[in-house]
Amino acid sequence: MTKNNIELIKNFIKNDSQNLLINQVNEEIGCFYEMAIKEISKRLNVKIYKNEELDEDRSNDLFSEKKIYFYNTTNSRQIEKISNMISQNIILTDYKNYKKLLKKFVSINGYEFKNDLRYFLNNFYDIYDDELINYCISTPYLMFSEVSKYKLNSKNYIADILVKEERNFILSIRKEIFKSKNSANDLKKLFLKLKSEVNYKKFNFLVY
């Protein structure tokens, strides 16, 4: 059975495989994998160095603390140079390079990120809340900020997308109030709109 990609990352960081190649698909998904790598490495007490100079001599690192070098590049020549360096490297790249090089490296396809994100939240944060998970799948670059919100108040957690919808509802009411004020023809209608906004705020736990 194929290992989950998050477990592949974890095992890569724990062991001494030389290169890990990730197809990021797009910047938002790539951001999720980068954040997941940082979190996993932090828990394993391994330092990640991002976008170091490619001409750096790393031979001395073989006998010192474990280091992993992280790169985000679509340049084929850079990827080749990175892969030949005496170090453990993670390369975030596009699908073209991924397809060309996947058999040469430990490889992860970012098109599987939905399963990876769900697995990560389940197994690293013990989070199974579908509202949070689905929102993070739609906005993977916001995963860690949403997790922080959830940890602070899991019972009253609400995804940002719902907050925006609620704010838009308030905005819609205020637009109608503005129109009523300008017309000045129906004071009763204006009063009801103002009352509607007050009641909505009153029974909503969010503070605007």
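Trainee: Which residues in helix 2 do Asn5, Ile6, Ile9, Lys10 and Ile13 in helix 1 meet?

Mentor: The model is predicted, so to speak of a local feature requires pLDDT of at least 70 and a side-chain atom pair counts only at pLDDT 80 or more, while totals for chains, interfaces and linings use all residues. Residues are numbered from 1 along each chain as its sequence is written, and side-chain values use heavy atoms, with hydrogens and water left out. Helices (H or I, at least four residues) and strands (E, at least two) are DSSP runs numbered from the N terminus, and a contact means heavy atoms within 4.5 Å. On that basis, the five named residues in helix 1 meet Phe32, Tyr33, Ile37, Ile40 and Ser41.

Trainee: How do the residues of the contact of helix 1 with helix 2 divide by class?

Mentor: Ala, Val, Leu, Ile, Met, Phe, Trp, Tyr, Cys and Pro count as nonpolar, Asp, Glu, Lys and Arg as charged, and the others, Gly among them, as polar. Applied to the contact of helix 1 with helix 2, this scheme gives 7 nonpolar, 2 polar and 1 charged.

Trainee: Are helix 1 and helix 2 parallel or oblique to each other?

Mentor: Axes are lines fitted to C-alpha atoms, for helices over the stretch in contact, and angles run from 0 to 180 degrees between N-to-C directions. The axes of helix 1 (residues 5–14) and helix 2 (residues 27–43) come within 10 Å and cross at roughly 45 degrees. Angles under 35 degrees count as roughly parallel, over 145 as roughly antiparallel, 65 to 115 as roughly perpendicular and the rest as oblique. Helix 1 and helix 2 are therefore oblique.

Trainee: Which residues in helix 5 meet Asn5, Ile6, Glu7 and Lys10 in helix 1?

Mentor: Helix 1 also packs with helix 5, at an angle of about 65 degrees and with the axes 8 Å apart. The partners in helix 5 for Asn5, Ile6, Glu7 and Lys10 are Asp116, Tyr119, Phe120 and Phe124.

Trainee: What is the order of the 5 strands in the open sheet?

Mentor: Two strands pair if DSSP finds at least two bridges between them, and strand 1 (residues 19–23) pairs with strand 5 in the parallel sense over 4 bridges, with Leu20 opposite Val106 in strand 5. The open sheet has parallel pairing, and the order of the strands is 2-3-4-1-5.

Trainee: Which strands stand at the edges, each with a single partner strand?

Mentor: In the order 2-3-4-1-5, each edge strand has a single partner, so one side of each is left without a neighbour in the sheet. The edge strands are strand 2 (47–50) and strand 5 (106–109).

Trainee: Which strands does helix 3 lie across?

Mentor: Helix 3 (residues 76–83) runs at about 165 degrees to strand 4. The strands that helix 3 lies across are strand 1, strand 3 (67–72) and strand 4 (88–93).

Trainee: Is Thr139 buried or exposed?

Mentor: Thr139 lies in the loop between helix 6 and helix 7 (143–152), and from Phe32 this residue is 107 residues apart in sequence and 9.2 Å apart in space, C-alpha to C-alpha. Buried means under 20% relative accessible area, exposed over 50% and partly exposed in between, with a 1.4 Å probe and protein chains only. Because its relative accessible area is 13%, Thr139 is buried.

Trainee: What is the relative accessible area of Asn45?

Mentor: Asn45 lies in the loop between helix 2 and strand 2 and has a positive phi of about 60 degrees although it is not a glycine. Asn45 is exposed, with a relative accessible area of 72%.
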